[in-house]
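Hi everyone, thanks for coming. Let me walk you through the fold I have been looking at, one piece at a time.

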Amino acid sequence: MTGLYQSQRAMRHMRRAAMQRGVVAVLDVGTSKIACLILRFDGPERLREVDGVGPMAGQSSFRVIGAATTRSRGVKFGEIAVMNETERAIRTAVQAAQKMANVRVDHVIACFSGAEPRSYGLAGEWDLQDSVVTEQDVARVLSACDVPDLGPGREVLHAQPVNFALDHRTGLGDPRGQIGNRLACDMHLLSVEGSVVQNLLYCIKRCDLELAGIASSAYVSGISSLVEDEQELGAACIDMGGGSTGISIFMKKHMIYADSVRMGGDHVTSDISKGLHIPTAVAEKIKTKHGGVYATSMDDREMIEMGGESGDWEKDRRQISRTELIGIMRPRVEEILEEARSRLDAAGFDHLPSQQIVLTGGASQIPGLDGLAARILGQQVRLGRPLRVQGLPQAATGAAFASAVGLCLFAAHPQDEWWDFEIPSERYPARSLKRAFKWFKDNW
Amino acid sequence: MQSLGGPRVYTRQPRRDPAPSRWQYRMQRLWLTPLFRVLFRVGLPCFVIAMVVGIYASDEGRRAALTGTFTELKEKFQNRPEFMVGLVSVEGASPELAEAIRARVGLKLPLSSFDIDLDAVKARVEELDAVANAELRVRSGGVLQVLITERMPVLLWRLEDERLEMLDETGHRVAGLAARTDRPDLPLVAGAGADVATGEALEIFAAAQPILPRVRGLVRVGERRWDLVLDRNQKILLPAENAVAALERLMALDKAEDLLARDVLSVDLRNEKRPVLRLAPYALNEHRKAQGIDTSGSEL
């Protein structure tokens with residue numbers, strides 16, 4: 001646990017160094033595309049912090065100066081499958097973005113969608129020593145949370161304090177300075193496969209970049225796609241990517257649950273490819289041009305030429321109607337949404353006061369998806385696009401860039417995590433020089 | 001029946017997006033490093049230029065050849081006929097002085113105007129006593145024009161060893177003179193230090209205008225005051241201070257009493273409260289006789 005704590009802390013330091021330099025890259029390693037945005041931080045935020053209007057979650061402080069996306073290679077289900085290919089794809093994206101920004105970036109904040117995220121809700125309690133909550137007490141109560149057995153080879157990706165309770169008062173966002181006797185906290189912990197993180201780290205290191213932060217793409221696309229009141233009142237974000245579909249539930253501006261379904265738009269493409277016996281690239285083209293989930297009588301007459309280069313006239317001149325295409329696509333999309341529904345049910349989403357669901361990600365652009373999703377997920381479904389941030393090119397404003405944009409916000413204004421607080425001295429191993437030093441520092 | 005767009009054929013491959021090689025990627029990142037860019041764009045050319053120049057100049061023969069070429073070019077340019085000076089024209093000087101100035105300029109003409117040190121020539125010309133001010137310029141057509149302002153003699157100065165020199169109003173020597181009769185129009189001064197007080201001398205001569213035909217000259221006494229010497233060896237001893245005022249008073253006295261026409265040896269005006277007359281011996285005796293004083297007839 002301490003090793004992870006140290007590495008996450010090191011990443012935070014790296015992020016601070018990047019802020020000081022003023023340039024940081026965000027990298028969304030997806031299954032179908034790798035997007036790289038370069039952000040420039042212009043010092044303190046220009047908008048004043050007046051009553052009620054926050055600093056807009058830090059998004060007024062940065063500007064996107066470079067953006068590039070490339071077709072992803074070697075990534076399956078949001079996990080790196082072929083290291084060399086992925087490294088090359090990352091290099092392509094970073095180089096193009098650097099070329100556009102005309103600056104060199106050394107720090108990168110990355111997100112990925114796979115690695116089987118698992119959510120845990122932890123609770124911890126701490127008796128205050130002198131009735132006023134200090135930063136030390138917050139750190140102590142966070143480290144008092146008993147961590148469940150994550151399983152072999154799993155690591156903590158996010159560990160965010162969600163709620164603090166002081167004596168019988170609960171729902172405190174920031175308990176520091178308040179008076180009470182017993183501090184309790186709820187923490188949301190997200191664990192992922194350690195090997196996936198290691199692979200990503202290795203690829204980024206091979207590109208001469210330093211990792212300044214890492215996030216789950218379900219989390220960051222929720223940040224960018226859910227509007228402020230949805231985050232506050234409770235909503236689920238379903239990020240339908242290429243290889244996996246991320247699910248995150250937000251409540252009181254904190255993520256309280258995240259999961260992912262290992263199915264996405266690429267499976268729809270492969271269904272088309274298999275069903276019609278056409279190459280994947282052509283299937284992808286047909287899907288994006290003519291795809292849909294609701295067939296009408298007009299679609300029976302719209303014939304799609306599939307083409308081919310086999311030399312056999314009969315095979316190369318095949319045509320299908322759009323209805324047939326929809327007939328192939330719809331079961332898979334339904335399957336994805338039903339799987340997402342079951343994950344949400346497992347998380348107890350139906351007990352939440354607000355049942356808002358936001359669909360985002362590249363695969364959410366299938367025409368008619370909102371109608372289909374409303375039938376499966378409930379009536380409060382909308383299609384979400386990411387927030388507009390300064391300097392973002394028009395081509396990168398679509399739903400497919402939800403996690404890249406969310407990563408920008410994450411880079412500018414990260415939520416407090418467990419490792420942002422100092423380890424209390426009790427947690428150091430006994431007889432450690434650090435512990436003695438820490439004790440002196442705390443007591444004098 | 002087909003849709004309005006007609007059948008579409010998908011045979012195009014997706015856009016090629018080749019990955020950069022590791023080295024290409026690194027080179028691009030290096031090139032985007034600001035320090036490296038500055039070094040490459042400024043440092044490297046500077047270094048190359050310095051290197052080339054250094055290697056070229058490290059050889060003695062090449063350096064000599066380079067300077068030789070340069071001086072040759074320079075000389076070639078300077079010796080072009082447009083820059084050659086072949087004539088010295090002296091203006092504003094008497095013919096004898098002009099000759100002297102030509103000799104004094106001392107240039108081996110024809111000479112390039114770049115090689116003439118005008119300041120030195122000017123200093124040489126101005127060393128001549130008769131030249132108050134010289135102005136030199138190289139005019140087109142290869143003429144070195146010397147504009148001379150001559151010193152005008154206003155006084156003759158008789159030195160200890162009977163030499164005569166002409167002085168201008170500032171007391172600077174203009175030229176020597178063989179005989180007084182060469183310039184009878186100039187007033188004469190004598191005595192050591194007379195050239196220092198020429199201004200006062202001129203004022204005294206102006207004040208002595210009424211008796212000017214009788215004036216023989218001024219004698220500087222003790223580098224301090226003047227004696228005005230008239231014919232018949234009459235002397236007017238002027239004070240060191242206010243000499244002109246004293247002389248004017250005497251002129252008034254002379255006009256009223258006709259004093260200087262009498263047999264007076266000297267008029268001593270050194271003490272302004274008590275002018276003293278010195279009579280000639282004969283006149284003194286006659287004066288005493290007239291007063292009824294019996295004398296031995298000595299000349300005292």
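Let's begin in chain B, where B:Glu135 stands opposite B:Leu147 in E5(B). Before going on: this is a predicted model, where local features need pLDDT of at least 70 and side-chain atom pairs count only at pLDDT 80 or more, while totals for chains, interfaces and linings use all residues. Residues are numbered from 1 along each chain as its sequence is written, and chains are lettered from A and ligands numbered from 1 in the order in which they are written.

Back to that pair. Strand E4 (residues 131–139) of chain B runs antiparallel to E5(B), and 8 bridges join them. Strands here (E, at least two residues) and helices (H or I, at least four) are DSSP runs, numbered from the N terminus, and two strands pair if DSSP finds at least two bridges between them. E4(B) and E5(B) make a hairpin with 3 residues between them, and B:Gly141 in the turn has a positive phi of about 90°. E5 (residues 143–150) of chain B also pairs with strand E2 (residues 87–91) of chain B, in the parallel sense over 5 bridges. There, B:Val90 sits opposite B:Val146.

Now to chain A. Its open sheet of 5 strands has the order E3-E2-E1-E6-E11, with mixed pairing. Which strands stand at the edges? They are E3 (62–71) and E11 (210–216) of chain A, each with a single partner strand, so one side of each has no neighbour in the sheet. Inside the sheet, strands E1 (residues 23–29) and E2 (residues 33–41) of chain A run antiparallel, joined by 7 bridges. A:Val29 stands opposite A:Ile34 in E2(A). H5(A) packs on this sheet, touching E1, E6 and E11 of chain A.

H5 (residues 217–225) of chain A also packs against helix H13 (residues 402–412) of chain A, at an angle of about 85° and with the axes 7 Å apart. Axes are lines fitted to C-alpha atoms, for helices over the stretch in contact, and angles run from 0 to 180 degrees between N-to-C directions. That makes the two helices roughly perpendicular, a label for angles of 65 to 115 degrees.

One last stop: A:Cys408. Which residues does A:Cys408 touch, leaving out those up to four places away in sequence? They are A:Val26, A:Leu37, A:Leu39, A:Phe62, A:Val64 and A:Val389. Contact means C-beta atoms, placed from the backbone, within 7 Å. Thanks, and I'm happy to go back to any view.

Note on methods
Parallel < 35°, antiparallel > 145°, perpendicular 65-115°, else oblique. Contact = placed C-beta atoms within 7 Å.
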